[in-house]
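Please look over the sequence and the model shown below before reading on.

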Amino acid sequence: MEKEHRTILRKNRQFLIRDLEPWKILNDLAEIFDEDDRDEVKAENTRKEQAEALLDMLPRKGPTAFKQFLRALNKRQPHLAIPMVEESRIDVSKCEEGKG
């Protein structure tokens, strides 16, 4: 993941932890989160802890992880995606399924 994308995630972390519903986007992230990763997120006790676990793993999931996360978020919880889409200038409509 690019440094700029890590910075955007850090800046929006508290906002995401407060409102992110990880179970809504986990299946959309199947290409970057394998079954063990998804199980690890789901094993957390609270929604907030699940969001923290997902956000902690995300930066280590390769160069396309941020775009795929934004695409999934835009699809399921667009109000959370909009600030990061605007800051990163990524056109999520051009992020095809399975492509970075």
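The side chains of E87 and K11 meet in a salt bridge, with nitrogen and oxygen 2.7 Å apart. A salt bridge is here a side-chain nitrogen of Lys or Arg within 4 Å of a carboxyl oxygen of Asp or Glu. E87 belongs to helix α6 (residues 78-88) and K11 to helix α1 (residues 3-19), so this pair ties together parts that lie 76 residues apart in sequence. Helices (H or I, at least four residues) are DSSP runs, numbered from the N terminus. The two partners may also be described by their accessibility: a residue is buried under 20% relative accessible area, exposed over 50%, and partly exposed in between (1.4 Å probe, protein chains only). E87, at 29% relative accessibility, counts as partly exposed, and K11, with a relative accessible area of 57%, is exposed.

The model is predicted, and local features need pLDDT of at least 70, side-chain atom pairs count only at pLDDT 80 or more, while totals for chains, interfaces and linings use all residues. Residues are numbered from 1 along each chain as its sequence is written, and side-chain values use heavy atoms, with hydrogens and water left out.

How many salt bridges does the rule give? The count comes to eight. One of them joins D28 to R76, whose closest N and O atoms are 2.7 Å apart. D28 lies in the loop between α2 and α3, and R76 in helix α5 (residues 65-76), so the pair ties together parts that are 48 residues apart in sequence. D28 counts as buried because its relative accessibility is 15%, whereas R76 is partly exposed, with a relative accessible area of 39%. K75 also takes part here: D28, K75 and R76 are linked in a network of salt bridges. Another salt bridge brings together the side chains of E21 and K24 (3.2 Å, N to O). E21 is partly exposed at 23% relative accessibility, and K24 is partly exposed with a relative accessible area of 35%.

Is Q77 buried or exposed? At 2% relative accessibility, Q77 counts as buried. A polar atom of the Q77 side chain lies 3.0 Å from the backbone nitrogen of E21. This is a polar contact, that is, a pair of N or O atoms within 3.5 Å; within protein, one must be able to donate a hydrogen and the other to accept it, and residues adjacent in sequence count only if both atoms are side-chain atoms. Leaving aside neighbours within four places in sequence, Q77 is in contact (heavy atoms within 4.5 Å) with D19, L20, E21 and K24.

Attention now turns to helix α3, residues 35-43, in which D37, R38 and V41 are buried. They cover an arc of only 95 degrees around the axis, which puts them on the same side of α3; the arc is that of the directions from the helix axis to the C-beta atoms. The face turned away from this buried side carries the exposed residues E35, D36 and A43. At the start of α3, a side-chain oxygen of D34 reaches to within 3.1 Å of the backbone nitrogen of D36.

What do the buried residues of α3 pack against? They pack against α2 (22-25) and α4 (47-57). V41 has a relative accessibility of 1% and therefore counts as buried. Apart from neighbours within four places in sequence, V41 is in contact with P22, L26, Q50, A53, L54 and M57. D37 counts as buried at 11% relative accessibility, and touches I32, M57 and K61, not counting residues up to four places away in sequence.

Helix α4 can be viewed in turn: its buried residues are Q50, A51, A53, L54, L55 and M57. What covers these buried residues includes α1, α2, α3 and α5.

K61, a contact of D37, also has its charged end over the ring of F33, 5.8 Å from the ring centre. A charge sits over a ring if NZ of Lys or CZ of Arg is within 6 Å of the ring centre and within 35 degrees of the ring normal.

Note on methods:
Helix = DSSP H or I, 4+ residues; strand = E, 2+ residues; numbered from the N terminus.
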